[in-house]
Amino acid sequence: MAPILAVVGSVALLGAVLFMVTGAADAIQELFQSSELESENIRNILKIIGAAYVVDFAASICRDMGELTIASKIELAGRVFIVMLAVPWAATLIHAVKTL
């Protein structure tokens, strides 16, 4: 009985989260449409945010399983990936500040 309740609770929680994310996604879309950022920069920002969440989730799973070394390696790889994604965006930002 307990596993069934866990599954039902998880599905209900996932549905609630997806409902909240839909509203947040609409708000973010309106925010970016009102800004004058290029779509490539917006895409990179969203990739960075998504990568941070995926890395945190994967590292947490490894920690829960007792694999602390693998968790730290996942976090390191995630940080490098995020820096690689952020470099073009940071260059664009620096260029914009220089032209002011």
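Here are some friendly notes on the predicted model above.

1. **Ground rules.** This is a predicted model, in which local features need pLDDT of at least 70 and side-chain atom pairs count only at pLDDT 80 or more, while totals for chains, interfaces and linings use all residues. Residues are numbered from 1 along each chain as its sequence is written, and side-chain values use heavy atoms, with hydrogens and water left out.

2. **Fold.** The protein has 3 helices and 0 strands, giving the pattern α-α-α along the sequence. With a radius of gyration of 18 Å, well over the 13 Å that the globule rule gives for 100 residues, the protein is more spread out than a compact globule. Helices (H or I, at least four residues) and strands (E, at least two) are DSSP runs, numbered from the N terminus. The radius of gyration is taken over C-alpha atoms, and the globule rule is 2.2 Å times the number of residues to the power 0.38.

3. **Extent and burial.** Along the principal axes, the C-alpha atoms fill a box of roughly 65 × 35 × 15 Å. Of the 100 residues, 13% are buried (under 20% relative accessible area; exposed is over 50%, partly exposed in between, with a 1.4 Å probe and protein chains only).

4. **Surface.** The protein exposes about 7,900 Å², and carbon and sulfur atoms supply 73% of it. Leu13, Val17, Phe19, Met20 and Val21 make a nonpolar surface patch of about 540 Å² (residues with over 30% relative accessible area and no salt bridge, nonpolar side chains being joined within 5 Å and like charges within 9 Å). A salt bridge here is a side-chain nitrogen of Lys or Arg within 4 Å of a carboxyl oxygen of Asp or Glu. Leucine 13, one of the patch residues, is found in helix α1 and counts as exposed at 57% relative accessibility. Areas come from the Shrake-Rupley method with a 1.4 Å probe.

5. **Charges.** The mean positions of the 6 positive and 9 negative charges are 11 Å apart. Lys and Arg count as positive, Asp and Glu as negative, with His and the chain ends not counted.

6. **Two residues to look at.** Alanine 27 sits in helix α1 (residues 2-34) and is partly exposed, at a relative accessible area of 44%. Its C-alpha atom is separated by 27 Å from that of methionine 84, 57 residues apart along the chain. Serine 72 belongs to helix α3 (residues 68-98) and is also partly exposed, at 34%. From serine 72 to valine 55, C-alpha to C-alpha, the separation is 10 Å in space and 17 residues in sequence.

Technical notes
Charge placed at Lys NZ, Arg CZ, Asp CG, Glu CD.
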